[in-house]
Amino acid sequence: MKIIGPDYLVFGVDDVESCAQYLTDYGLVSDGKGYFAALDGTGVRLCHRDDPGLPASMQTASQLRETVYGVADEGSLQAIEIELKKDREVIRGADGVLRCVDDMGFALGFQISCRCVIDLPGERSNAPGDTAGRAINQLGARADMPALPRSLSHVVYFVPDYAKAEAFYARIGFVCTDRFVGVGPFLRPAGTQDHHTLFLIQTPPFMKGIEHFTFHMGGPTEVMMAGTRMVEKGYQSFWGPGRHQLGSNWFWYFNSPLGCHVEYDADMDLHDETWTARVSTPGADNSQYFLFAYHEKWAPGGPLPKVQN
């Protein structure tokens, strides 16, 4: 079952206009019909919460209504259908999406992936002893450099029973790459080598829903540039910038009107079947290697900058 990762997320929100503006400012491109896409076509679909075409709400504060995963081929779709039909209703819609509900009540879809191939270099650095740096006279950064989301990276769920949730995803080919004791696992499906496309966090039932989602950027400079632009547009930084330990990805999280946090990430570890999952205790010491705080621009001799919370 070659599941690649989430192709798109569906939200049912009260204020469609403010959410649309947020996703546009974040860097996604609207098709004018409620879909906001990254460079490879993965993205977010916005609907009003009362849209009759949406899956049922989970009856919590979460506004996520569906997660649609991309798979590599028809054979994978059929294998998923056969496995999940053993104990639940599975329906293939007119749009070709195979739909069901997982053991925690999250609406899921599976489709032949909508991802298009993108051919863009990642960030390169000039380092003594390394011959793979930037070309001569190529700038490492500039004020007007593009910093656009490339691909939907992962989604994080709050779940009341992470062991039961993990067992469901293991049935369709997800494996644990790392885990926090008593909190939950980072899960990688068989169709990708990304450290994780799903992370499960144990919470009380009333919190069930989405904690955050994120898109891959071209490198840490793009994370910093895109995040700085979000702050300058008035959005509130929640966590970051910094670099995680498990997964090694750079990160910067922001509050959003979608009822969850939204992250930029870059440079995530890749793993295959020979990787042995690590087990860590939860806490700040194991959550990031380092963490920065945003400051207004400053030059020596000027007044000290204010910290952006």
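**Note on the cavity and salt bridges**

1. The largest share of the lining of the largest cavity comes from E5, which supplies 3 residues. The model is a predicted one. The residues that line this cavity are Ala56, Met58, Leu64, Arg65, Glu66, Gly105, Phe106 and Ala107.

2. Sorted by class, the lining of the largest cavity has 5 nonpolar residues, 1 polar residue and 2 charged residues. The space in the largest cavity comes to about 40 Å³. How many cavities of 30 Å³ or more does the structure hold? The structure holds 1.

3. The next points concern salt bridges. Side chains of opposite charge can pair when their charged atoms come close. A search of the whole structure finds 18 salt bridges.

4. Asp14 and Arg49 form a salt bridge, with 3.4 Å between the closest N and O atoms. This pair links distant parts of the chain, 35 residues apart: Asp14 is in the loop between strand E1 (3-13) and helix H1 (16-26), and Arg49 is in the loop between strand E4 (43-48) and strand E5 (64-71).

5. Arg88 and Asp103 meet through their side chains in a salt bridge of 2.7 Å, N to O. Arg88 lies in the loop between helix H2 (74-84) and strand E6 (91-92), and Asp103 in the loop between strand E7 (98-101) and strand E8 (107-112), so the pair ties together parts 15 residues apart in sequence. Arg88 has a relative accessible area of 16% and is therefore buried. Asp103, with a relative accessible area of 30%, is partly exposed.

6. Which residues are linked with Arg88 and Asp103 in a network of salt bridges? The network also holds Glu83, Lys86, Asp87 and Arg171.

7. Arg150 forms a salt bridge with Glu222, and their closest N and O atoms are 3.8 Å apart. Here too the pair links distant parts of the chain: Arg150 is in the loop between E8 and strand E9 (151-159), while Glu222 is in helix H4 (residues 220-232), 72 residues apart. Arg150 is buried, because its relative accessible area is 14%, which is under 20%. Glu222 is buried as well, with a relative accessible area of 12%.

Definitions and conventions
Residues numbered from 1 in each chain as written. Predicted model: local features only at pLDDT ≥ 70, side-chain atom pairs only at ≥ 80, totals over all residues. Heavy atoms only, no water. Salt bridge = Lys/Arg side-chain N within 4 Å of Asp/Glu carboxyl O. Helix = DSSP H or I, 4+ residues; strand = E, 2+ residues; numbered from the N terminus. Buried < 20%, exposed > 50% of the residue type's maximum accessible area, 1.4 Å probe, protein only. 1 Å grid on protein atoms, 1.4 Å probe; cavity = no way out; pocket = protein on both sides within 12 Å on 5 of 7 lines; lining within 4 Å. Points joined across faces, edges and corners; volume = space filled by probe spheres on them. Nonpolar A, V, L, I, M, F, W, Y, C, P; charged D, E, K, R; others polar.
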